[in-house]
Amino acid sequence: MGATGGHLYTVEVRPSRHDPGHFTWAIRDRGKLVRGSYRPHTSEHAARVVAEAEVERLIGQDGRSGGA
């Protein structure tokens, strides 16, 4: 299944619908929402950094849950 346990995570960063000038993120696995930001970030870059850190955390969880 690979290092990500067969997951194909994608990160989406978009302008916030509720807070102009801010950005939110979503992590999807084959199109299905896995995680999303609950609070807006002040820049697109800041939102992406947080989302990518969350993807790394998810990948780490997948690796540990595989068992021997």
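## Strands and how they pair

Two strands count as a pair if DSSP finds at least two bridges between them. Strands (E, at least two residues) and helices (H or I, at least four residues) are DSSP runs, numbered from the N terminus. With that in hand, let's look at this predicted model, where local features need pLDDT of at least 70, side-chain atom pairs count only at pLDDT 80 or more, and totals for chains, interfaces and linings use all residues. Residues are numbered from 1 along each chain as its sequence is written, and side-chain values use heavy atoms, with hydrogens and water left out.

The protein has one helix and three strands, and from the N terminus on the order is β-β-β-α. Strands β2 and β3 run antiparallel and are joined by four bridges; here Ile27 has Arg35 of β3 as its bridge partner. Strands β1 (residues 9-15) and β2 also run antiparallel, with seven bridges between them. Arg14 has Thr24 of β2 as its bridge partner.

## What is buried?

A residue is called buried under 20% relative accessible area, exposed over 50%, and partly exposed in between (1.4 Å probe, protein chains only). Of the 68 residues of the protein, 25% count as buried. Strand β2 (residues 23-29) is largely enclosed by the rest of the structure, because five of its seven residues are buried.

## Asp29, at the end of β2

Asp29 lies in strand β2 and counts as buried, because its relative accessibility is 13%. Contact means heavy atoms within 4.5 Å. Leaving aside neighbours within four places in sequence, Asp29 is in contact with His7, Leu8, Tyr9 and Val34.

Val11 is 18 residues from Asp29 in sequence, and their C-alpha atoms are 9.2 Å apart in space.

## The turn at Arg30

Which residue takes a positive phi in the hairpin of β2 and β3? It is Arg30, and this hairpin has two residues between the strands. Most residues other than glycine have a negative phi. Arg30, a residue other than glycine, has a phi near 55°. Arg30 counts as exposed, because its relative accessibility is 56%.

Now follow the chain to the loop between β3 (32-36) and α1 (44-65), where Ser37 sits. Is Ser37 buried or exposed? Ser37 is buried, because its relative accessible area is 18%.

Leaving aside neighbours within four places in sequence, Ser37 is in contact with Thr24 and Trp25. A polar atom of the Ser37 side chain lies 2.9 Å from the backbone nitrogen of Trp25.

## The largest pocket

A pocket is found on a 1 Å grid over the protein atoms alone: it is an open set of points where a 1.4 Å probe fits, with protein on both sides within 12 Å along at least five of seven lines, and its lining residues have an atom within 4 Å of a point. The largest pocket holds about 350 Å³ of space. Its lining has 16 residues, and Arg14, Pro15, Arg17, Thr24 and Trp25 lie nearest its centre.

Strands β1, β2 and β3 each supply at least two residues of this lining, and β2 gives the most, with four.

Methods
Polar contact = N/O pair within 3.5 Å; in protein donor to acceptor, adjacent residues only side chain to side chain. Points joined across faces, edges and corners; volume = space filled by probe spheres on them.
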